[in-house]
Amino acid sequence: MGKYFGTDGFRGEANVTLTVEHAYQVGRFLGHYYAQKNCGSCREPGGHCRVVIGKDARRSSYMFEYSLVAGLTASGADVYLLHVTTTPSVSYVVRTEGFDCGIMISASHNPYYDNGLKVINSRGEKLEEEVIVQIEDYLDGKLGEFPYALRGDIGRTTDYSAGRNRYIGYLIATATRSFKGKKVALDCANGSASAIAKSVFDALGARTLVIHNEPDGLNINAGCGSTHIEELQRFVKETGCDVGFAYDGDADRCIAVDENGNEVNGDLILYICGKYMKETGALHHNTVVTTVMSNLGLYKAFEREGIRYEKTAVGDKYVYENMCQYGHCLGGEQSGHIIFSKHATTGDGILTSLKVMEVMLEKKQPLSRLASEVEIFPQVLINVPVADKQAAMEDPAVQAEAEKVSAELGDNGRLLLRQSGTEPLVRVMVEAATKEQCELYANRVVEILKAQGHVS
């Protein structure tokens, strides 16, 4: 993680830690960088580099969009606007339509007053670390000023909502069966999915009921979506839906709800899809890629089914890197970032919900039955706000207490202590035989963090 960019882009409170000046400078750098990179390439003489931008529905996204456009066009880039759309749609458009890069303006599951810039390379993947380092050097004034484009070299801006529509068509085309006869609930988190998800399910024949699909710029993720699953659980039960799906602000996550209102998180989705893909011969190398946050119950279920697994650091970026390196086709996180590499290069919440529907339809089983094969260990996750994440993690007293807890848990549980890649938090996660044990051990570590003066 760098000074500005974490595991999922440059994120912070709008006009506090992420300002319009930052966005303008990021645009200036990317326009200049890709113009220089394309010098002498097959691009036609006088041609401009091409950048596509999408945004979520939070109020500050419009402000950052205009700042990015100003910086990019001032450096000679042509900019194509997808408007309110999902992160995976930006990735899809970049990689399928020959763009030099893409930018998604979103703070994902964070509250409306935060925002972020996710930069995507020409392959539809998260931007390379070496380029991120250069962006940060430019932001810090270490690279000097870049020349402005002049006259005919100044970039222009084009409405490109057609790109989003092509992505919708792509999603519909990935479905293997009609959803006719299925009653499906969608929680769009008052975010990006509001513009896309219902039209996909309707086109596939589902009876689609939608909640939280009226964004006003301030209500994104507010008591709804994949991080606040409770309302969808109630809605599914009250309306008698067969299944429900909740997305986050930029729709790169999906958490499901079965017909009884029970949550089916990313771990359970990985199991359901992984087992089905193995049965159909589609699970490359018989392996699913997870992160260290996945539940012990998932690994025990994989072992029972003879499915191998990998563990990476937290972040779908690291999951995808592992998948690319070793040729795996399914990976993801407990939080609902699920990657199907045959179809996408990033987590895609709507695609994930289509894949879960495929398993339900092909196996003719309700989601509750498919998920019941995994016995999830009780887990407690405490997000501790700290003044300095690194200092808290490296404190000898904190490390000593973490080692003691891990030793006491033994093979019947585990402790995971890590710093957030996007927020000023240290995350304390404990799995054990009972919820009470989880809380006891997790609070022991939290109390040490407090005693050492790290909690802000």
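The model is predicted. The chain holds 15 helices and 19 strands. Its radius of gyration is 22 Å, which agrees with the value near 23 Å that a compact globule of 456 residues would have.

**Overall form and surface**

- Taken along the principal axes, the C-alpha atoms of the protein chain fill a box of roughly 70 × 60 × 40 Å.
- Of the 456 residues in the chain, 59% count as buried.
- Contacts between residues at least 6 apart in sequence join, in 71% of cases, residues that are at least 24 apart.

**Nonpolar cores**

- In soluble globular proteins, nonpolar side chains tend to be buried together.
- The largest nonpolar core of this model comprises 64 residues. Phe201, Phe245, Tyr247, Leu330 and Leu367 are the residues with the most contacts inside that core.
- A second, separate core has 33 residues, among them Phe10, Val69, Leu72 and Ile132.
- Once neighbours within four places in sequence are left aside, Leu367 is in contact with Val243, Ala256, Val257, Asp258, Glu259, Val264, Ile272, Val356 and Met360.

- Ser108 is situated in the loop that runs between strand E5 (101-105) and strand E6 (114-120).
- Because its relative accessibility is 1%, under the 20% limit, Ser108 counts as buried.
- Not counting residues up to four places away in sequence, Ser108 touches Arg11, Asp56, Arg58, Lys118, Asn221, Asp248, Gly249, Asp250, Asp252 and Arg253.
- Ile350 belongs to helix H11, which covers residues 349-363.
- With a relative accessible area of 0%, Ile350 is buried.
- Apart from neighbours within four places in sequence, Ile350 is in contact with Leu171, Ile196, Ala197, Tyr247 and Ala251. One of these partners, Tyr247, is also listed among the residues with the most contacts inside the largest nonpolar core.
- Ile350 and Val90 are separated by 260 residues in sequence, and their C-alpha atoms are 14 Å apart in space.

**A partly exposed loop residue: Ala313**

- Ala313 is placed in the loop between strand E14 (308-312) and helix H10 (316-326).
- Its relative accessibility is 44%, so Ala313 counts as partly exposed.
- When residues up to four places away in sequence are not counted, Ala313 touches Thr291 and Tyr318.
- Ala313 and Thr86 are 227 residues apart in sequence and, from C-alpha to C-alpha, 24 Å apart in space.

- Arg151 is not a glycine, yet has a positive phi of about 50 degrees.
- The loop between helix H4 (129-139) and strand E7 (157-159) contains Arg151.
- Arg151 has a relative accessible area of 80% and is therefore exposed.
- Lys364, although not a glycine, has a positive phi of about 55 degrees.
- Lys364 is located in the loop between H11 and helix H12 (367-371).
- Lys364 counts as exposed because its relative accessibility is 67%.

Technical notes:
Residues are numbered from 1 along each chain as its sequence is written. Side-chain values use heavy atoms; hydrogens and water are left out. A nonpolar core is a set of buried Ala, Val, Leu, Ile, Met, Phe, Trp, Tyr and Cys residues joined through side-chain atoms within 4.5 Å. Buried means under 20% relative accessible area, exposed over 50%, partly exposed in between (1.4 Å probe, protein chains only). Contact means heavy atoms within 4.5 Å. Helices (H or I, at least four residues) and strands (E, at least two) are DSSP runs, numbered from the N terminus. The radius of gyration is taken over C-alpha atoms; the globule rule is 2.2 Å times the number of residues to the power 0.38.
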